[in-house]
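Subject: Structure handover

Hello,

Here is the structure for your files. My notes on what was found in it follow below.

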Amino acid sequence: MRITILFGGTSKERLVSVATAQALHSALPDADLWFWDIDDTVHETRSEVLLKHSRPFEQPFRPGTPSVGRIEQALDKARGENRLLMLGLHGGTAENGELQAMCEMRGIPFTGSGSASSHLAFDKVAAKRFAALAGVKAPAGVALEDVEAALAEYGRLIAKPARDGSSYGLISVNATQDLVAVRRAAKTEEYVIEPFIAGAEATCGVLEQLDGSLVGLPPVEIVPAEGEFDYRAKYLAKATQEICPGRFAPEVSAQIVDQAVRAHQALSCSGYSRSDFIVAEGGPIYLETNTLPGLTKASLFPKALKAHGIEFADFLHGQIALAEKRAQR
């Protein structure tokens, strides 16, 4: 079976995906490289072209090779050539279950969660509802028509796209004039609005092993450079601190791990996931689950793997083995 790293994609997170692919390729140097471009075409890419792309978080990647066709044609080619896809993708159709459904219909093995769980987790409202069924504590939502009353009640709100990642579109609502930005943004896509929760930011990875058992990785504590963990703080701000294991009391760390595992199970995730939390006075509050979290050298999931004593290459080989096992069912 030919291992192929599929990266790029048509979502806002395609730049992050290129950095993920660089990390994947460094750990899996023999894997083929397929770049999914913004125009929905797929290109076979050479190692040296990917690795010399020095500013992936800021500059678009150019494959420099002819297209093998649109994504559907590329997947047909993958099926015909007995390829397994290592998904180095984030956001949009790559993470909302659509790509996974196209692979499943063709019988193509791929890493990460399947189409149904990907679709569920990608919707922050639905994900919170299902996680709550598993006993995970999540914040209440605020309807758009109630934002003024909610701002008066809570003093501060957070608004974010219901289906997006890498903290794109995050809006802090600190005063009534900020509601203009929220209403404007909500005209183009659905937004989740929640009361602001004071506390430390944390994230926790969950890893599935070949026997189906789940391992909760050490929680990561996030101290943003400029107050919010947005795209710039995640990937460009050098002052952002990502501390793993996080400086939480042992019982709080245990709660974070337990809730991350519960969310992973409630959303029927496969392979691996990463759930985000605010650690408030009363304990961790669940925000969302990522089914294809970043795997760049700057990303949180690899930091947690390292803290747990798992080599990145071993993690990837484990995910490949899981994908092969699922494909044989």
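Predicted model: local features only at pLDDT ≥ 70, side-chain atom pairs only at ≥ 80, totals over all residues.

Residues are numbered from 1 along each chain as its sequence is written, and side-chain values use heavy atoms, with hydrogens and water left out.

Ser-117 sits in helix 6; helices (H or I, at least four residues) and strands (E, at least two) are DSSP runs, numbered from the N terminus. Its relative accessible area is 6%, so Ser-117 is buried (buried means under 20% relative accessible area, exposed over 50%, partly exposed in between, with a 1.4 Å probe and protein chains only). Not counting residues up to four places away in sequence, Ser-117 touches Leu-267, Ser-268, Cys-269 and Thr-291, where contact means heavy atoms within 4.5 Å.

Ser-268 has a positive phi of about 55° although it is not a glycine.

Ser-115 also belongs to helix 6 (residues 115-122). Ser-115 counts as buried because its relative accessibility is 18%. Its side chain makes a polar contact with the side chain of Glu-104 at 2.6 Å. Neighbours within four places in sequence aside, Ser-115 is in contact with Gly-97, Gln-100, Ala-101 and Glu-104.

**Helix 6 against helix 7**

Two packed helices are described by the angle between their axes and the distance between the axes. Here the axes of helix 6 and helix 7 (residues 124-133) come within 5 Å and cross at roughly 105°; axes are lines fitted to C-alpha atoms, for helices over the stretch in contact, and angles run from 0 to 180 degrees between N-to-C directions. Helix 6 and helix 7 are therefore roughly perpendicular to each other (angles under 35 degrees count as roughly parallel, over 145 as roughly antiparallel, 65 to 115 as roughly perpendicular and the rest as oblique).

On the helix 6 side, Leu-120, Ala-121 and Phe-122 meet Lys-124, Ala-126, Ala-127 and Phe-130 of helix 7. The residues of this contact divide into six nonpolar, no polar and one charged; Ala, Val, Leu, Ile, Met, Phe, Trp, Tyr, Cys and Pro count as nonpolar, Asp, Glu, Lys and Arg as charged, and the others, Gly among them, as polar.

Buried residues in helix 7 are Lys-124, Ala-126, Ala-127, Lys-128 and Ala-131. They pack against helix 6, strand 6 (157-161), strand 8 (191-195), helix 11 (250-266) and strand 14 (283-290). Asp-123 caps the N-terminal end of helix 7, with a side-chain oxygen 3.0 Å from the backbone nitrogen of Val-125. Just after helix 7, Gly-135 takes a positive phi of about 90°.

**Cysteines, and the cis bond**

How many disulfides are there? The count comes to zero, a disulfide being a pair of cysteine sulfur atoms within 2.5 Å. The sulfur of Cys-204 has its closest cysteine sulfur in Cys-244, at 8.9 Å, which is too far for a bond. Cys-204 counts as buried, at 0% relative accessibility, whereas Cys-244 counts as partly exposed, at 23%.

The peptide bond from Cys-244 to Pro-245 is cis, with omega near -5°. Pro-245 lies in the loop between strand 12 (241-243) and helix 11.

Both cysteines and Pro-245 are among the residues in contact with Pro-219, leaving aside its neighbours within four places in sequence. Pro-219 is in the loop between strand 10 (214-216) and strand 11 (220-223) and counts as buried, at 6% relative accessibility.

**One more backbone point**

Most residues other than glycine have a negative phi, and most peptide bonds are trans. Asp-40 has a positive phi of about 75° although it is not a glycine. Asp-40 is in the loop between strand 2 (32-36) and strand 3 (41-44), and counts as buried at 15% relative accessibility.

Regards

Notes: Polar contact = N/O pair within 3.5 Å; in protein donor to acceptor, adjacent residues only side chain to side chain.
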